[in-house]
Each structure stands twice: as structure tokens, then as C-alpha cells.
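Biologist: Let us go through this model together. I will ask, you answer.

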Amino acid sequence: MDPSLDFPLDDAEFLLGDPYPAFRLLRERSPVHWYEKGGFWALTRHADVQYVSRSPRLFRSSRGVLISQIDQMGSGTDDEMPPSIIMMDPPLHNRFRKLVMKVFTPRMVSNLEPRVREIARECLDPILAGETVDFVERVAEPLPMLVIAELLGVPTTDRADFKRWSDAMVDAGGSGVNPDNQANMAELFAYLGQKIEERDRDPRDDLLSALLRAEIDGERLDAREVLMFCMTLLVAGNETTRNLISGGAYELMRAPDQLRKLAGDPSRAAVEQAIEEMLRWVAPVRHFMRAATRDTELRGERIAEGQFVVLYYASANRDETVFGPDPDPERFDIARRPGPHLSFGFGEHMCMGASLARLEACVIFDELLARFPRFELAGDPTWLRSILMNSITTMPVVFAR
Ligand code: HEM
């Protein structure tokens, strides 16, 4: 083992700095790297992240998917509740995913576009040219949160509560569970539980009712499974999409030539291509994790049963054997031909909300550029101290027509 490669891969300050030179060295010299301090294997090459992601019988999710779960060592789930889809293994995962996919279809997502656009306009309309606003608070945060509220059928009158609950979920994910966010999450649980009961009695044309009715070979999801899936949507679809929108805007402001290029051709195709580059570059979720179900070998390294393997999407997204050489994978370039970035994961657990996240990002940048072809930083952004999320928490921005 080469000690010069022992980077603090589970340290937020390190990841918030510039971890990319370290990732490059690891890809080159130790792509399957035992990180002693963290107690896990770090995988930094695109092909290896893909291989592990599509081998759920050899590398399972049920022991935990986040580095922060390593110390918990259990299944990490509450015995009273079914596990989240993210932490299911086959065959349970296949059955569950098939059922929810019957409802969470690309068609359902594309039908949401008019409403997503309305919400985006509601966020952007009050912003005045020349005014300095916190981009996260006014633009990146409300859209994903309100879209999920819409999906779950939360009426406008309950939106303030919903925001408080969803902030609590984000807070618990970022800084751990405390009595305050726990109380808010319990309220959310009770609220969704009641809504599910209502829809069970009196179905409507919405996601909850459809989830309760979805059926394969006579099998349906029970109320607790639907409740858990709704909580997963909130955790998985909220902060991630926010990070994509704020991180993408930040990169456009850091590279004004790129912003000019996009503002000069804000066609749907150009915006969609730019979003793919934002996804590749920002990697809103830096890692997920698996545990080996038996002894195995990867690139000559022996991975023992039970050992954890961390998939660094952020590194895979800059793998020079997949992206580049021209344009250089270490360059943010919205004209790059979209490549197979791994920001949504890969294989069995690949993100179920990818098309929704893409739609939201596309609509918000489309609406933003139509109003303000120029915008710039009016101060330094701040970042969440997290090893999991690449998350900007505040970003002062001034817009110009
Ligand atoms: C830019 C935004 C997003 C990013 C970067 C992202 C990233 C990811 C990644 C990397 C996974 C794979 C997990 C694994 O392999 O262990 C995943 C799974 C998942 N995502 Fe997303 N996600 C985003 C948005 C969303 C949205 C908007 C929703 C839904 C509203 C969503 C719902 C899910 C669900 C349900 C899964 C679990 C799928 C499974 O386990 O089979 N995500 N996401």
C-alpha cells in the first residue's frame, strides 16, 4: 500500500476543497483502494463503479449505502417499518421497484411539465433585475420541494408545514437526527400516513392512490410500504435536485463564457446538453456504498465478505478513459457531447427520479435565461459540510436583463 495515496476520503473539508487531483491519482495508481481509517474500499474508476452497481447479488445495499452508516453496522432500518427501496436487495428490490415503476413512469413525469413550469415561474417572477437574492433560497430550493409536494398531493394550505418537515429531513440527513428535526419528521410521518389512509378509502387521480392500486400478479404495496416510498421520494428528490440547480448555476457564473454561450442559444436541446454537463461536473451525490456478500476480487484486490465498497461517482464522472481527452474531463464544458456520467448511479438501483430531476433543471434554466441572460455572483457561496452531498447552502446572485 502506498501511504502517499492515503487521502482522507471521508473528510468533508477535504472533499469541499479540491479532491479531484487525489481522485485522479487513485484512478491511476490504486483504483481499488483500501482506506484503512474509514474501513472501506474506495472505487474511483468509471468501469468499477458500473460493475459493482450492476452486481447487486455480489454487492448488496441492505447493510447501508452511506459511509455514515458503516458504524451502525446493522440494516440501519426501523423494525417497525419496511426498508427504503434504496436499501433493498434482490429479489425484494425487483418486486418493489417493478411495482412503483408502474406508477412512476416517464409519461407521468412528462405530464408534470406544465405544472413544473408554473411553479418555476412563481419562484422567478418576483425577482427583480439588479436585486441581489440568495439563489438557493429563491430558486434552487423551492422548485424541487414544491414539485414533490405536488406529487404527493399536498394542498397549498399545508405548504408551510411541508417546507418545515422537508427542511427537517434535509437537516437530519446533513447533521444527524436531533430532537427538533425528529419531532418534525414524526409530524410528516403522521401527515402522510393520514393522507394514505384517506386515499385508500377514497382514491383520486394522484400518485398516492396510484401507488396503493398498483398491482403485479395480484400483489400490491401495503400502506406502510407506500408511506416509506413517499419518505424516500422526499429524501432522494429534494436536496439532490437543489444541488444540481445551484451547483450548475455556480459553474455558469464561474465560467461566464459558458453562460454567454447558453444564453446565446437557449434551445431545449442546448439546455438539456448543459444539464448533462452540470450533472457530470457537480455530482450532487458524491457516493453511495455496497457491502460484499462473499469474498471476491476486483483488479487483483481481495475484497472479503462483509467489507464495504464506496462508489465515488464524482471521480467516475471525470474518468479520462470515458470522458475526454478533448474536451479535457477536468473542464466544465456545456458543449460536451453528453457521456455516460454516473450521477444517477447505474444498474439495479439507478435513480428513479432522473427524468424528473432533468425536467426540473431544464425548466428552471429555460425560464431563468428567458428573463435574465446574465447573472453573476454578488458574494461568496457557502457549502454544506457533508461527505455525501455537494451542496451549496447560500449563494448571493445579482441578475441582469
Ligand atoms: C439531480 C438529482 C438527483 C440525483 C443526483 C440522484 C441520485 C441518485 C443516485 C446516485 C441513486 C442510486 C442509489 C444507489 O445506487 O444506491 C438514486 C436512487 C434513487 N433516486 Fe435519485 N437522484 C436525484 C433525483 C431524484 C428525484 C427527483 C427523485 C424522485 C422524486 C429520486 C428518487 C430516487 C429513488 C426512489 C431512488 C432509489 C432507486 C432504487 O433503489 O431502486 N431521485 N438517486
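Modeller: Glutamate 141 touches Val136, Lys163 and Arg242, leaving aside residues up to four places away in sequence. Contact means heavy atoms within 4.5 Å. This is a predicted model: local features need pLDDT of at least 70, side-chain atom pairs count only at pLDDT 80 or more, and totals for chains, interfaces and linings use all residues. Residues are numbered from 1 along each chain as its sequence is written, and side-chain values use heavy atoms, without hydrogens and water.

Biologist: Is glutamate 141 buried or exposed?

Modeller: Its relative accessibility is 17%. Buried means under 20% relative accessible area, exposed over 50%, partly exposed in between (1.4 Å probe, protein chains only). Therefore glutamate 141 counts as buried.

Biologist: With which side chain does the side chain of glutamate 141 make a polar contact?

Modeller: A polar contact is a pair of N or O atoms within 3.5 Å; within protein, one must be able to donate a hydrogen and the other to accept it, and residues adjacent in sequence count only if both atoms are side-chain atoms. Here the distance is 3.1 Å, and the partner is lysine 163.

Biologist: What is the strand order in the open sheet of three strands?

Modeller: Strands (E, at least two residues) are DSSP runs, numbered from the N terminus. Two of them pair if DSSP finds at least two bridges between them. Pairing in this sheet is antiparallel, and the order is β4-β14-β11.

Biologist: Which residue stands opposite phenylalanine 375?

Modeller: Four bridges join β11 to β14 (residues 396-400). The residue opposite phenylalanine 375 lies in β14: phenylalanine 399.
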